[in-house]
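Dear colleague,

I am passing on the structure below, together with some notes on the side-chain packing and the aromatic rings. Please read the notes with the coordinates open beside them.

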Amino acid sequence: MLTEDRRNEIQTRARAAITERTLRKDAWWASPLAYASFLTITIVYSTIAGILKTGYFHAPYISPLFSPCLAANCEESTFRLIGEWWFLSPALLVMGLPIGFRLTCYYYRKAYYRALFFQPAACAVQEPWPRYSGETKGPFLLQNLHRYFFYLMIGNMVFLTWDTVKAFHFSDGWHVNVGSLVFVVMITTMSLYMLSCHSCRHIVGGRKDLFSRSPTQYRFWKFVSKLNENHGNFALASLFWIPVTDLFVRLLAHGVIHDFRLF
């Protein structure tokens with residue numbers, strides 16, 4: 001039983017002073033377990049896929065993990081900026097940007113802090129670490145770079161959008177295949193994730209003192225703020241669909257499945 005004195009003691013401490021393993025009676029572990037499983041599966045798959053040097057292109061589709069493809073050894077180069085001396089997977093040249101963007105994302109920080117670091121695993125659950133310094137020391141100081149990763153990701157989105165346009169252009173003209181729709185879902189979830197980002201909301205209107213002087217900007221800020229309410233859902237959906245798109249392209253490239261024309 002949580003007494004009034006005990007409640008006051010907990011609430012006056014910087015960190016929850018819980019000596020019990022948990023004060024919860026519900027299945028509090030289900031949510032962090034689900035997040036941990038999902039993040040682990042997507043991270044492991046994306047890492048393995050990014051290391052592979054083949055199977056990421058099947059005309060006209062290129063895996064979003066490899067776009068833009070910058071090496072001379074690319075199956076389909078966007079720009080041949082890196083010469084033949086690059087013998088590793090071309091994805092390694094570009095994966096750092098989306099990884100950095102997601103790692104420093106406010107929503108993902110909440111998700112993996114709780115699911116992987118147990119800081120905290122859930123409200124009213126004892127934390128395993130006796131000391132906690134937050135994001136005041138390295139490497140967590142790098143979390144402050146999130147807005148700069150956001151700026152760079154805008155350029156990445158240009159290439160992903162172009163890849164989606166090309167997903168409708170085949171050797172015999174413009175058509176809609178199953179793969180075309182896979183890419184539409186990919187760019188849609190990524191766009192919603194980007195637009196709902198806290199950094200996007202701040203850039204759009206977070207620095208304004210008087211919205212009355214900028215009615216158009218205010219309307220856009222309201223739109224982004226509405227998307228921001230579902231930022232977590234967009235973050236998970238986009239993270240899920242990037243590997244799905246990569247897997248679809250790989251299965252096509254290896255002849256496991258066939259792309260069907262819709263019209």
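Tyr56, in this predicted model, is in contact with residues that include Tyr61, Ile62, Ser63 and Phe66, and beyond these, again leaving aside neighbours within four places in sequence, with others among which are Pro90, Val249 and Arg250. Tyr56 also belongs to the largest nonpolar core, which has 50 residues, and is listed with Tyr61, Phe101, Tyr108 and Tyr193 as having the most contacts inside that core. The elements that give two or more residues to the core include β2 (61–62), α4 (106–115), α6 (178–195) and α9 (231–253), and of these elements α9 gives the most, with 8 residues. As a general background, nonpolar side chains in soluble globular proteins tend to be buried together.

Turning to the rings, the count comes to 18 aromatic pairs. One of them joins Phe150 and Tyr151 in an edge-to-face arrangement, with 6.4 Å centre to centre and 70 degrees between the planes. Phe150 counts as buried because its relative accessibility is 6%, whereas Tyr151, with a relative accessible area of 40%, is partly exposed.

With best regards

Key. Residues are numbered from 1 along each chain as its sequence is written. This is a predicted model: local features need pLDDT of at least 70, side-chain atom pairs count only at pLDDT 80 or more; totals for chains, interfaces and linings use all residues. Side-chain values use heavy atoms; hydrogens and water are left out. A nonpolar core is a set of buried Ala, Val, Leu, Ile, Met, Phe, Trp, Tyr and Cys residues joined through side-chain atoms within 4.5 Å. Buried means under 20% relative accessible area, exposed over 50%, partly exposed in between (1.4 Å probe, protein chains only). Helices (H or I, at least four residues) and strands (E, at least two) are DSSP runs, numbered from the N terminus. Contact means heavy atoms within 4.5 Å. Rings of Phe, Tyr and Trp (its six-membered ring) pair if their centres lie within 6.5 Å; planes under 30 degrees apart count as stacked, over 60 as edge-to-face and the rest as tilted.
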